[in-house]
Amino acid sequence: MIQLLTSAGIIFFLRMTDITFATMRVFMVVRGKKVLAWFFGFLQALIYVLVISAILADLENWTKILGYAFGFATGLVVGMTIEKRLALGYTNLQIVCPQRGLEVASALRDEGYAVTEVAAQGKDGAVEILHCSVLRKEEAKLFSSLLDIDPSAFITAKNVYRVQHGFWH
Amino acid sequence: MEILLSPQTWLSAGLIFSLRVTDMTLDTLRVLFVMRGRKAIAWILGFFQALVFVIAITSVLRDLTNPLNIIGYAAGFATGVVVGMTIEERLAIGHVQMRIISPRRGTGIAEKLREEGYAVTEVPARGKDGMVTMLNCSMLRKDIHKVQTMVNQVDQDAFITSEEIRPVRRGFWRA
């Protein structure tokens, strides 16, 4: 029994590692990072062959199959978590401020971010739209300082590619 | 060690490598097409990818004593990913929206791009040192570099970002 569980555990662990690498690889592909995509792809395929051969050699052992499936699912989540921590790339924030747009803009500029203000019209009158391109890493820090100044600010974020120039915090 | 010297093992490892390069090239292209909502192309790529994959994995599993097979398999996988990315970059399918922020020469950039046939929307805005112009211009992904060069001819210091978009309706696209 114990032997069964250790082998299922090993399969779980290997499969988790493999899918973590696979998830990272997909993120690298989407962001166009070829060297990292190659590296993650190599490791992923290497581990995968070991796992799949262990499974197929012993398909009657359901604990191994469960370990395989749990490893797959856990690997996805681990990969996503790591990617979020790394937070590669750039984000464009759109901040709609009904009341305190100017203050938010100058506060962000004081902290060294580049902000472009656009005057606009909302349901209850004039609003200000702020556009701010930042490193994805900075996003969370920026949100908290933003909401301190104007809790009513409406913020959306989207991934962008850097093309050229401007300044990044 | 003698396994490494036999031409037979090198041949089978090389075969597995090239099968895996083909299959992962198709797979990477498929993922990038799925993200852009191209169903028909995704189906065709998925079909051939799975077909080649089954052949590759069975040839590896048939002879696990040959470490070259396993390495060929993994290296083929990784190389296929990069080949797929390169092809996708060349194809450059889809549309992007470029946002150009220029402190002084916004109108000049807009005129230049319009002369070349691109649709440009100008928005007056304010930056750190006073008024700026924000230009929104949607184009085919293929055209990014061409448009960037045109912008630079007018204003070297313009700030440019791009994002992928899906065309919804209307407006005009430069053919």
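**Helix check**

I took helices as DSSP runs of H or I with at least four residues and strands as runs of E with at least two, numbered from the N terminus. Just after α2(B), I noted a positive phi of about 75° at Gly37(B).

**Ground rules and confidence**

I worked on a predicted model, where local features need pLDDT of at least 70 and side-chain atom pairs count only at pLDDT 80 or more, while totals for chains, interfaces and linings use all residues. Residues are numbered from 1 along each chain as its sequence is written, chains are lettered from A and ligands numbered from 1 in the order in which they are written, and side-chain values use heavy atoms, without hydrogens or water.

I looked up pLDDT (the predictor's confidence in each residue, from 0 to 100). Chain A has a mean of 84, with 92% of its residues at 70 or more. Chain B averages 85, and 92% of the residues score at least 70. I recorded ipTM 0.73 and pTM 0.74 for the model.

**The interface of chain B and chain A**

I counted contact as heavy atoms within 4.5 Å. Chain B gives 44 residues and chain A gives 40. Next I took buried area (accessible area, 1.4 Å probe, that two parts lose on being put together, summed over both). About 3400 Å² is buried between the chains, and carbon and sulfur atoms give 67% of this. On the chain B side, Met85(B), Arg126(B) and Phe159(B) lose the most area to chain A, together 17% of what that side buries.

**Salt bridges**

I used a side-chain nitrogen of Lys or Arg within 4 Å of a carboxyl oxygen of Asp or Glu. Four salt bridges cross the interface. I looked at Lys34(A) and Glu89(B), whose side chains meet in a salt bridge at 3.4 Å, N to O. The whole structure holds 16 salt bridges over all chains. Lys34(A) sits in helix α2 of chain A and Glu89(B) in helix α4 of chain B, so this pair joins two chains.

**Around Val96(A)**

I found Val96(A) in strand β1 (90-97) of chain A. Ala120(A) is 24 residues from Val96(A) in sequence, and their C-alpha atoms are 9.0 Å apart. Which residues does Val96(A) contact, leaving aside neighbours within four places in sequence? I listed Val127(A), Glu128(A), Ile129(A), Ser152(A), Ala153(A) and Phe154(A).
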